[in-house]
Amino acid sequence: MKMPTSHAFRLKMAKQKAEALLKEEGITTMPVDPFAIADSRDIEVKAKPDTAGGVSGMLLRHGDMFGILYVTHVRSEGFQRFSVGHELGHYFLDGHIDQVLPKDGIHTSYAGFVSADPYELEADQFAAGLLMPSTPFKRTVTRARCCRCQVRSAASTS
Ligand SMILES: [Zn+2]
């Protein structure tokens with residue numbers, strides 16, 4: 001019988017996937033610019049000022065074309081980068097598109113907010129790995145684990 005992949009393991013893989021992507025893209029300097037990564041995949045990124053509280057961003061799909069909207073009601077630039085990183089997580093992580101956006105439409109994300117949805121959590125881990133890779137920023141990543149404010153401050157000071 002096949003063992004189910006543990007949740008903790010999947011979260012770890014999500015972060016590693018982000019770090020592997022940085023390597024692949026040859027990105028070695030901080031801060032990592034998720035907007036540039038999106039641009040390199042022809043994913044259009046735009047600000048969306050008029051969203052409801054709790055929403056961090058959206059992923060849009062039309063056929064094989066993707067777009068990202070990030071909210072601006074949270075002013076922190078670090079949080080906005082984190083939101084874009086989260087949407088990129090859905091784009092890059094295996095199985096995410098099939099799950100969150102299987103056909104044309106919009107996926108609404110709640111990045112950095114406590115969510116029970118494993119796909120949201122994995123996308124958060126991806127964003128953390130992307131913006132705060134373990135090496136050489138191990139301490140920042142550990143500190144960023146527990147809450148949104150810390151993720152924000154870690155993202156903006158890195
Ligand atoms: Zn999401």
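A residue is called buried if 20 or more other C-beta atoms lie within 10 Å of its own, exposed if 12 or fewer do, and partly exposed in between, with C-beta atoms placed from the backbone. The views below show a predicted model, in which local features need pLDDT of at least 70 and side-chain atom pairs count only at pLDDT 80 or more, while totals for chains, interfaces and linings use all residues. Residues are numbered from 1 along each chain as its sequence is written.

**View 1. K48 in strand 1.** K48 has its place in strand 1, where strands (E, at least two residues) and helices (H or I, at least four) are DSSP runs numbered from the N terminus. K48 counts as partly exposed because it has 14 C-beta neighbours inside 10 Å. Leaving aside neighbours within four places in sequence, K48 is in contact (C-beta atoms, placed from the backbone, within 7 Å) with M58, L69, Y70 and V71. Of these, M58 is ten residues from K48 in sequence, and the two C-alpha atoms are 9.1 Å apart in space.

View 2. The strands are arranged in the order 1-3-2-4 with mixed pairing, two strands being paired if DSSP finds at least two bridges between them. Strand 1 (44-48) and strand 4 (105-109) stand at the edges with a single partner strand each, so one side of each is left without a neighbour in the sheet. From one strand to the next, the twist averages 20°. Strand 1 and strand 3 run parallel and are joined by five bridges, with A47 standing opposite Y70 of strand 3. Strand 2 (residues 57-62) and strand 4 run antiparallel, also joined by five bridges, and here L59 has H107 of strand 4 as its bridge partner.

**View 3. The hairpin of strand 2 and strand 3.** Six bridges pair these two strands in the antiparallel sense, and F66 in strand 3 is the bridge partner of R61. Two residues lie between the strands of the hairpin, in which G63 takes a positive phi near 65°. Strand 3 is mostly covered, with five of its seven residues buried.

View 4. Helix 5 (residues 118-131) has 14 residues and reaches 20 Å from its first C-alpha to its last, close to the 20 Å expected, the expected span being 1.5 Å times one less than the number of residues. Eleven of the 14 residues of helix 5 are buried, among them F126, A127, L130 and L131. These four residues, together with I68 and L88, have the most contacts inside the largest nonpolar core, which has 28 residues; a nonpolar core is a set of buried Ala, Val, Leu, Ile, Met, Phe, Trp, Tyr and Cys residues joined through C-beta atoms within 7 Å. Elements giving two or more residues to this core include helix 1 (7-25), helix 2 (34-40) and strand 3 (65-71), and helix 5 gives the most, with six residues.

**View 5. The packing of helix 3 against helix 5.** The axes of helix 3 and helix 5 come within 7 Å and cross at roughly 115°, where axes are lines fitted to C-alpha atoms, for helices over the stretch in contact, and angles run from 0 to 180 degrees between N-to-C directions. Residues making the contact include G85, L88, G89 and F92 of helix 3 and F126 of helix 5.

Terms used
Two residues are in contact if their C-beta atoms, placed from the backbone, lie within 7 Å.
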